[in-house]
Each structure stands twice: as C-alpha cells, then as structure tokens.
Amino acid sequence: MNIIEIQGVTKRYASQLALDNVSISIPEGSIFGLLGPNGAGKTSLIRIINQITAPDEGKVLFCGEKLSPSHVSMIGYLPEERGLYKKMEVGEQAIYLAQLKGLTRKDAIAKLKSWFEKFEMQSWWKKKIEELSKGMQQKVQFIVTMIHEPRLLILDEPFTGFDPINTRLITEELLSFRSKGATIILSTHRMESVEELCSHIALINKSKKILDGTVKEIRAAHKTNIYELEYSGNVIGFSNALGSGFELVSSSQDFTTTRARVKMLGDNTVNNLLHALIPHVQIHGLREIVPGMNEIFINKVNG
C-alpha cells in the first residue's frame, strides 16, 4: 500500500515552474529519498504534502484519500529552515510545540523527559534556545517533530549541523521509527545517508521527475558491466589474454599485485573472463563495480 500518491502535480510561482506534472508513489513503511539539486522542486513538493501550499494541477492522496486538513496530525515535518523561539527556555518551548501536536501538557512533559534522557539533554531544560549550538537546537527540533509519533515523517536535510556521533544517533532513531511501521520521506544531499537508509528514491531535476524506484533496482539498472580484478603476473600477458571479448578500462600496480578494471563486451560472462585469464595470471580477487547513488545522481542531473 502507498501512504502517499502524488498524481500529476504541477506548481507555478508567477512565471517560475516549480513542479511539472510530477507523479510519485511512496510505499507505506519505507524510507523514501526525495533527491535533486538545489532549486529542483523538492521543497515545493514537500510543502504541498504538508498543505502549506496547494498544487495548481494534479492531486495528492494520503492512504487513498484526498489530502485534507484531517491528515495534518498524522504528519511530522522537520524543515530545512529551523524555527525555534530563541528567547524561550528549551523545555517550555518543547512542551508548547508538543501541545500543538495534540499532546496534553502532562503527556508532553513525560515524553519529553524520556527523549531528553535518551539524547543526554537533561541539563538543557532551563536553558534558552539562543544558548544552544546549531546542532543542539536541531536535536530539540528533531524531538518535537517526532514527539507525537506521526504516521508520516518528512525530514528536509535532517543531518545538517550534526557531528558523526549525533548523525549516528539520529540515524538509529529513524531506523527504529521505521521498524514500528512509520514512513519517512528524507530530502538530503548526503548520498551516503541515501545508501544507508533509503529503500526507495525519486530524483527531481528542473521541476520534473527523472528517476524513481527502489535503490537496489536503480543501482542494478545503471551497472556498466565493469569488473575489478586483483592479480599477480605479467601485465602484458593479462592484456593480451583479454582479446576482443573484453575491454581494459584501467590498470594500476603496487609492489606485488595489479588492479585492473575490465568491461565485458557482447554476451561474455565472468566465467568467460576467468577462463581467458587464469592460464596467464594468478587471480587474487574479483568484484563487480556497481555505481553508487552519488555517481548516479551526478550522471542523471548532468544528462
């Protein structure tokens, strides 16, 4: 089942076309990467899902129903532009924001105390927001985004300002949240986070969707049929053994071994490659070169 169905959505701002007939399905229980360069249209789409703005054309469905104000309570949204009141105390502000999400003051305090303890933030309760670092402020906002346990969590660049330890902490919380059945939309430029977290992605560029699917399927579809081998033996003999069925893409040597990247041509297989090489060199390792999301992102955006 898809928790969100974006169907033919178009959005304009004066003469600027922000989204051009975009259709995306977001499976329930997934961590969905919404990717694209700056200005591609990602934030416009997020604002439409949050009902901050409305599409000019097309529609959005939430669990099969037309998106409506009743769905707001089921969504948690952490925008890229942070919005905390700098003069308020951390604890009082967190309680206030939790109450806006529908929690009673008593429940808000109980849940916040638990979160603050988990994140080792107990000493922050009476501090003012302006006394906190950017990363510390972001921890507070992350907690109040999660506090009402939304069915759909939308995070826009959630790791900005975090050191590696806090990035790992947030990552673990997101994986735990997803394991409980929640769906997460993750908008980020950190492709390592996409590789680690996302099961599905959509790539938007210049207001159009240019790619979507599971991360596994997309990486498989962009394979270049290149393999890296580590071997010892005569380099010229290796090259000659490749013949016309394989192309030597690159080669580098260290003291004892050589690494070479070889592209399969025609219908040749790994077995064919090994059969050609084993009489001439000693093979120590072989692996397929599968492009990462960063490489795919750059290639697709650059055309």
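Helix α8 (residues 235–242) and helix α9 (residues 270–277) pack with their axes 9 Å apart and at an angle of about 135 degrees, and the two are therefore oblique to each other. Angles under 35 degrees count as roughly parallel, over 145 as roughly antiparallel, 65 to 115 as roughly perpendicular and the rest as oblique. Axes are lines fitted to C-alpha atoms, for helices over the stretch in contact, and angles run from 0 to 180 degrees between N-to-C directions. The crossing of α8 over α9 is right-handed (the near helix is turned clockwise from the far one by less than a right angle). Phe 238, Ala 241 and Leu 242 of α8 meet Leu 273, Ala 276 and Leu 277 of α9, contact being heavy atoms within 4.5 Å. By class, this contact has six nonpolar, no polar and no charged residues.

The model is predicted: local features need pLDDT of at least 70, side-chain atom pairs count only at pLDDT 80 or more, and totals for chains, interfaces and linings use all residues. Residues are numbered from 1 along each chain as its sequence is written, and side-chain values use heavy atoms, with hydrogens and water left out.

Spaces are found on a 1 Å grid over the protein atoms alone: in a cavity a 1.4 Å probe fits but cannot get out, a pocket is an open set with protein on both sides within 12 Å along at least five of seven lines, and lining residues have an atom within 4 Å of a point. A volume is the space filled by probe spheres set on the grid points.

| Space | Volume | Lining by class |
|---|---|---|
| Largest pocket | About 400 Å³ | 13 nonpolar, five polar, one charged |
| Second largest pocket | About 330 Å³ | six nonpolar, three polar, six charged |
| Largest cavity | About 40 Å³ | eight nonpolar, no polar, no charged |

The largest pocket is lined by 19 residues, with Tyr 77, Pro 79, Leu 97, Lys 101 and Thr 145 nearest its centre. Two or more lining residues come from each of β6 (75–78), α2 (90–100) and α4 (134–146).

For the second largest pocket, 15 residues form the lining, and Trp 115, Lys 118, Glu 149, Phe 177 and Lys 180 are the closest to its centre. Here α3 (105–118) and α5 (164–179) give two or more residues, and α3 gives the most, with four.

The structure holds one cavity of 30 Å³ or more. Its lining consists of Ile 6, Ile 24, Ile 26, Phe 32, Leu 34, Leu 45, Ile 49 and Ile 185.

Methods
Ala, Val, Leu, Ile, Met, Phe, Trp, Tyr, Cys and Pro count as nonpolar, Asp, Glu, Lys and Arg as charged, and the others, Gly among them, as polar.
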